[in-house]
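Colleague: I would like to go through the terms used for this model and hear what each one rests on.

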Amino acid sequence: MKKFERLRHIRYFSHSLRTLPKQYSAADTNRLSLVHFCVQSLDILGCLPVDTDDELICGTAGEDVYVNRGEIVEWIYGLGTVPTVRSADGYVGGCVGGGFKGSNYLGPIMSNDDADNNNDDQSSSRHPYDHSHIAMTYVALCTLQSLGDDLSRIDKHTILSTLQGLQKQNGSFVALSPTSTEYDVADEVEAEDDCDLRFMYAAIAVWYILTSNDDDDDD
């Protein structure tokens, strides 16, 4: 049996985190998924920075193997989407559009001010494709955890509220969260072809990640 070239695989995934060949340009809207696969592969290969504040980097800049955990974490948080509306309790049925998008190609990187001042006026001026995707939200949370992030900056109630609104009457989940409050999943005909088991799995995983260590009594 041919020997497994561990170092070559580490170099490949480390390099892929920095740049990809032009053949991947069509997958730019799913860039977060590509980062997820690279990070998870490096984790399996035992080549992620350890979870301490003093060691955020694996390797040396300019060399074949280089992973900057802090930069990746900040990039992922920048892909968070601003919810369209928030109710008084900030939870059940309170918002749409909370979660993560697949790439900054789909809209501007979110700043801290955006997260603190989400409102209808801001949402109405956003790019029409700048909305969250249930699969991208799943890979964002998984990748952040693999990189040692404690998810303390995640607005859990916003994402869970959005998730609740994506479930159809038959129990399945649609993938895309709308940017408009004038939306009814049950009446969304165009979403019929985009509600298979992948998104149900992603929804359950997101719910588990965000509630498994939560001491709140929210349902």
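**Helix packing and burial**

Modeller: This is a predicted model. Start with helix α3 (residues 69–78) and helix α6 (residues 134–146), whose axes come within 10 Å and cross at roughly 155 degrees.

Colleague: Why is α3 called roughly antiparallel to α6?

Modeller: Angles over 145 degrees count as roughly antiparallel. The crossing is at roughly 155 degrees, so α3 is roughly antiparallel to α6. The crossing in which α3 passes α6 is left-handed.

Colleague: Which residues in α3 and α6 meet?

Modeller: Val 73, Ile 76 and Tyr 77 of α3 meet Ala 140, Thr 143 and Leu 144 of α6. By class, the residues of this contact are five nonpolar, one polar and no charged.

Colleague: Which residues in α2 meet α3?

Modeller: From α2 they are Arg 31, Leu 32, Val 35 and Val 39, which meet Ile 72, Trp 75 and Ile 76 in α3. This contact divides into six nonpolar, no polar and one charged residues. Arg counts as charged, and Arg 31 is one of the residues that meet.

Colleague: Why is His 157 called partly exposed?

Modeller: Buried means under 20% relative accessible area and exposed means over 50%. His 157 has a relative accessible area of 25%, so His 157 is partly exposed. His 157 lies in helix α7 (residues 156–165). His 157 and Leu 210 are 53 residues apart in sequence, with their C-alpha atoms 8.9 Å apart.

Colleague: How many helices and strands does the protein chain have?

Modeller: The protein chain has eight helices and four strands. From the N terminus, the order is α-α-β-β-α-β-β-α-α-α-α-α.

Colleague: What share of the 219 residues in the protein chain is buried?

Modeller: Buried residues are 43% of the 219. The chain exposes about 12,700 Å², of which carbon and sulfur atoms supply 50%.

Methods
Residues are numbered from 1 along each chain as its sequence is written. This is a predicted model: local features need pLDDT of at least 70, side-chain atom pairs count only at pLDDT 80 or more; totals for chains, interfaces and linings use all residues. Side-chain values use heavy atoms; hydrogens and water are left out. Axes are lines fitted to C-alpha atoms, for helices over the stretch in contact, and angles run from 0 to 180 degrees between N-to-C directions. Helices (H or I, at least four residues) and strands (E, at least two) are DSSP runs, numbered from the N terminus. Angles under 35 degrees count as roughly parallel, over 145 as roughly antiparallel, 65 to 115 as roughly perpendicular and the rest as oblique. A crossing is left-handed if the near helix is turned anticlockwise from the far one by less than a right angle, and right-handed if clockwise. Contact means heavy atoms within 4.5 Å. Buried means under 20% relative accessible area, exposed over 50%, partly exposed in between (1.4 Å probe, protein chains only). Accessible areas come from the Shrake-Rupley method with a 1.4 Å probe; for residues, only the protein chains shown count as cover.
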